[in-house]
Amino acid sequence: MYPDILKTAQITPIHKTGSCEKCSNYRPISLLPPINKVFEKLLYDRLYSYLEHNKLLTDCQYGFRRGLSTELAINDLQNFLTQNIDKGVVTCSIFLDLAKACDTVNHDILFHKLDIQYGIKGLPLTLLKTI
């Protein structure tokens with residue numbers, strides 16, 4: 001559905017540190033056609049609007065949401081911890097680095113959840129599957 005030609009990226013190696021002779025000292029940057037940015041923005045706006053309108057996002061979701069930030073997430077956590085300390089409640093926190101989490105997502109499970117749990121079906125789901 002999404003044209004393959006628009007999925008073709010120009011890969012440019014960017015030097016990080018160290019010797020210019022070692023390939024491991026470079027990171028690849030993928031440059032997609034500019035029309036992809038326009039399409040990505042349109043898709044994001046429509047999907048975000050759908051999720052907001054149907055109240056499918058939890059109040060604890062801060063990332064990639066208008067008006068919410070990591071600073072607000074930290075403030076909410078601090079308030080929660082302070083309230084528990086005042087109440088004498090023992091509280092434990094676990095912090096995880098999920099920087100590479102998207103690389104481990106099972107797409108079949110993701111698309112099943114988008115369909116069954118979030119009501120994203122038909123053409124929109126097919127479009128997401130082909131990007």
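## A tour from pocket to surface

Begin by selecting Tyr 44, Leu 47, Phe 64, Leu 110 and Leu 128, which lie nearest the centre of the largest pocket, a space lined by 31 residues. A pocket here, found on a 1 Å grid over the protein atoms alone, is an open set of points where a 1.4 Å probe fits, with protein on both sides within 12 Å along at least five of seven lines, and lining residues have an atom within 4 Å of a point. What you have open is a predicted model, in which local features need pLDDT of at least 70 and side-chain atom pairs count only at pLDDT 80 or more, while totals for chains, interfaces and linings use all residues. Residues are numbered from 1 along each chain as its sequence is written, and side-chain values use heavy atoms, with hydrogens and water left out.

Colour next by element: H1 and helix H3 (107–116) are the elements that give two or more residues to the lining of the largest pocket, and H1 gives the most, with 8 residues. Helices are DSSP runs of H or I, at least four residues long, numbered from the N terminus. The lining of the largest pocket divides into 23 nonpolar, 5 polar and 3 charged residues, and the pocket holds about 1,400 Å³ of space.

Now select Arg 65 and Glu 52, which form a salt bridge with their closest N and O atoms 2.6 Å apart; the term means a side-chain nitrogen of Lys or Arg within 4 Å of a carboxyl oxygen of Asp or Glu. This pair links distant parts of the chain, for Arg 65 sits in the loop between H1 and helix H2 (70–87) and Glu 52 in helix H1, 13 residues apart. Arg 65 counts as buried because its relative accessibility is 13%, whereas Glu 52, at 30%, is partly exposed (buried is under 20% relative accessible area, exposed over 50%, partly exposed in between, with a 1.4 Å probe and protein chains only).

Move on to Lys 121 and Asp 115, another salt bridge, again with the closest N and O atoms 2.6 Å apart.

Finish on the surface with Ile 35, Val 38 and Leu 42, which form a nonpolar patch with about 280 Å² of accessible area together. Patch residues have over 30% relative accessible area and no salt bridge, with like charges joined within 9 Å and nonpolar side chains (Val, Leu, Ile, Met, Phe, Trp, Tyr) within 5 Å. Leu 42 belongs to helix H1 (residues 35–53) and counts as exposed, at 52% relative accessibility.

Note on methods
Accessible areas come from the Shrake-Rupley method with a 1.4 Å probe; for residues, only the protein chains shown count as cover. Grid points are joined across faces, edges and corners, and a volume is the space filled by probe spheres set on the points. Ala, Val, Leu, Ile, Met, Phe, Trp, Tyr, Cys and Pro count as nonpolar, Asp, Glu, Lys and Arg as charged, and the others, Gly among them, as polar.
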